[in-house]
Every structure is written in structure tokens, then in C-alpha cells.
Amino acid sequence: MNDILLIALYAFLGAVAAGLLGALVLRLLRHRSLVVSLTVVVAVAVTAMLAGTLAVAWQMFLSRHDLTVVTVVVAMAAVVATATALLLGRWVVARSNALTLAARSFGTGGSFAAPHEPATAELAALTRELETTSARLAESREREQALESSRRELVAWISHDLRTPLAGLRAMAEALEDGVAADPDRYLRQIRTEVERLNGMVGDLFELSRIHAGALALSPARISVYDLVGDALAGADPLAREHGVRLVGQRIDAVPVEVDSKEMSRVLGNLLINAIRRTPADGTVAVAAERSDDGVVLSVTDGCGGIPEEDLGRVFDTGWRGTHARTPPAGAGLGLAIVRGIVEAHQGRAAVRNVSGGCRFEVVLPPAGTA
């Protein structure tokens, strides 16, 4: 029993010495290819066995003949193990290189195409992660392109909408300055109207910038949608009378919500103004508020004739104003983008769909106590 313990001790010491040497070599070669690392590992295993055997033989636990036999056996095992390590290393490196080439498509704006060759479990897991990342990057690029397109449209519309009133203001100011205005009071009233219009556009831009920057500070309070809709209808009534449009409250349930009443009044105001401007004279704009399985649904239905199906997904985009026939004389396509931003800040969602004779805008808010 003592001899066995001594043999084990000497074999362990020899193997430890070989292992420490192998660890040092691996550290020096840690930046080299995987093939080199696998070869070193195999060499360490074989050397550890040989070192233990030599240590045991040195203590005369093995005869010269037995040592020769063991050495030859270890040498043959070393040859086979090294060849296997080289083949395995080259196979793994080839799969890794194929994965590297496939991943380079990220840098050129393309999508990731996974190699078809079989790979190790770790490389297969990495491939799946790269595929998921590729899909997310594609979605991000699409959103970025859509946002950039919306921004270009917004700049174009803002430039167009600012040029006309500014030119008119300058002409009227010059006429008043030169004393050639036939009716100075009318000119002053028109100047005030144009200034208010420009002020509204600047206010919309500021509101939208706060929404996009995540700086929209809400002060939610419990309020009944009955009061919220009633105030919005009262505020939009003068514009409806001016355009000859009837405002109708179809069904308004007195359900509570926790919202920022100022911001939510702006949401309903924008929807009502949008609906009134797009509804022909003698038309009807209907407002409803009711509880549903998803929450509290506020809806505004107009008589615009409907929105083309291909444009429904862009209605709430910044700067979108639809076809020329649907473009109002005022505004820069910011109202509905502001609506979506405010509603989403309340953990709700905004949607639109076509109905008979027009379209229906819906705002879904969480009921009081769940926001």
C-alpha cells in the first residue's frame, strides 16, 4: 500500500511539473491560433504522463524494459493525440473563419447569413445570437430610415409653411411703414392672425422636441373622461361652427382615468381640429368614450372620406400630411405625431382605421389605478 502511495505521489509531482510548464507555454501563446492551443494541451497531457512515468522509474518502481515499453506506448499515443488535436483545431478554426466572414456583413449594412456548415454548440449559439442581432439591426435601420424620411418631410413642410406667412408679414409691414395701406386696421388684424399661426407652429415643434427627447413631464391626476371630453368639445365648438360641421357626443361613459389633463386635452383638441378641418361642411364629427377590455377608449370619427390603406401606417409619423386633397391650409403635420407621443407617455396607444364615410381615431388609455 505504501508503494502505491509513493508511486501516486511521484506520478503526481511529475504531472504537476509538466502542467505548470504547459500553463506557462499556454500563457505565452494565448494570442495564437486555437490549433496551437489544442496542440499544447495535448502535449501537456502526454508530457504529464511521461514525466510521472519517469519519476516513478527514477525511484526504481519500473524496470528498464518496462520503462521502454511505457515510453513507446506514450509516444504512439502522443502522435495520435496530436494528429487528432490538429484536425479538430483546423475544423473549429474553419468554422470560426466562416462565421467571421458572415458577421462582416453587419459593417456593410447587410443582413447576417449564417454559414450552413455544422459547428460546435458554442459557435451555433453564437450564430443564433448574431441572427437575432441582425434582425434587430434591420428593424433599427428601417426605423431610422423612416424617421429620417419623416424629418426631411417635416423640414420641407415647415419651410413651405413659414415662407408664405413671413412673406405676407413683410409685405404688410412694408405697406404700413410706407403709409400705402388702404385699411391699416385690417392689416394689423391679419398680422396678428399670422403671428398666432406661427406661434402655434413653434409651440408644436417645441412640444414634439420634448416628446422625442423624453422630457415631457406629466402631472397625472384622477379625472373623469366625461369632463375631459366635455371640455374638448366646448373648445372645438367655435371651429366646428366656422366650418359648418356638427359635433356629436355618441356615447361618453363617466369612467375615471389618471392622466395629465392639460396634455390629454391637447390630444383631444388636436384630434377634433384634425377631424373638423377634414370633414366637409354639413358633415358630422362624432366623439365617444367608453370602457373596453384594453382600457378606456376615446374615439373621434370624422367624415373625411377615408385614408388610403398604404398611408394608414404613416398617419402618426412626424410631418405626414397625406395627399394634397387632405392637406389643411395650416399646420405642419405635427398634430397627430404629438397625439401619439403624449398618449404613449401615458402608457397608452393611438390608432386609426377607416370607417364608412371617413376614419376613426382611437386613443386607448389604461383605467385609473393601472397606469
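Author: Helices here are DSSP runs of H or I at least four residues long, numbered from the N terminus. The model is predicted.

The domain assignment divides the protein chain into domain 1 (1-119), domain 2 (151-213) and domain 3 (221-365). The second largest pocket lies between domain 2 and domain 3, because both of these domains give residues to its lining. Its space amounts to about 250 Å³. The lining consists of 15 residues, and those nearest the centre of the pocket are L147, H212, F316, T318 and R340.

The largest share, five residues, is that of α4.

Helix α4 also holds E174. With a relative accessible area of 41%, E174 is partly exposed, since that class covers values between the 20% limit for buried and the 50% limit for exposed. Between the C-alpha atoms of E174 and G295 there are 55 Å in space, while the two residues are 121 apart in sequence.

The next helix, α5, has 29 residues. From its first C-alpha to its last, α5 reaches 42 Å, close to the 42 Å expected at 1.5 Å a residue. Its buried residues are Y187, E194, L198, M201, E207, L208 and I211. As background to such a list, an α-helix has 3.6 residues a turn, so residues three or four places apart point the same way. E194, which lies in α5, counts as buried because its relative accessibility is 14%, and the limit for buried is under 20%. Although E194 and P165 are 29 residues apart along the chain, 6.2 Å separate their C-alpha atoms. After α5 comes G214, which has a positive phi near 70 degrees.

For background, most residues other than glycine have a negative phi. D282 is not a glycine, yet its phi is positive, near 70 degrees. D282 sits in the loop between α7 (261-278) and β4 (284-292), and it counts as exposed because its relative accessibility is 63%. Q347, also not a glycine, has a positive phi of about 65 degrees. This residue belongs to the loop that runs between α8 and β6 (349-355). At 62% relative accessibility, Q347 counts as exposed, the limit for that class being over 50%.

An unreviewed UniProt entry places the feature "transmembrane region" at residues 6-26, 38-61 and 67-88. In the model, residues 67-88 are 100% helix and 0% strand, and the end C-alpha atoms of that span lie 31 Å apart.

Conventions
Residues are numbered from 1 along each chain as its sequence is written. This is a predicted model: local features need pLDDT of at least 70, side-chain atom pairs count only at pLDDT 80 or more; totals for chains, interfaces and linings use all residues. Side-chain values use heavy atoms; hydrogens and water are left out. On a 1 Å grid over the protein atoms alone, a cavity is a set of points where a 1.4 Å probe fits but cannot get out, and a pocket is an open set with protein on both sides within 12 Å along at least five of seven lines; lining residues have an atom within 4 Å of a point. Grid points are joined across faces, edges and corners, and a volume is the space filled by probe spheres set on the points. Helices (H or I, at least four residues) and strands (E, at least two) are DSSP runs, numbered from the N terminus. Domain bounds come from an automatic or database domain assignment. UniProt positions are given in the numbering used here, feature names are shortened, and annotations may be inferred rather than shown by experiment. The expected span of a helix is 1.5 Å times one less than its number of residues. Buried means under 20% relative accessible area, exposed over 50%, partly exposed in between (1.4 Å probe, protein chains only).
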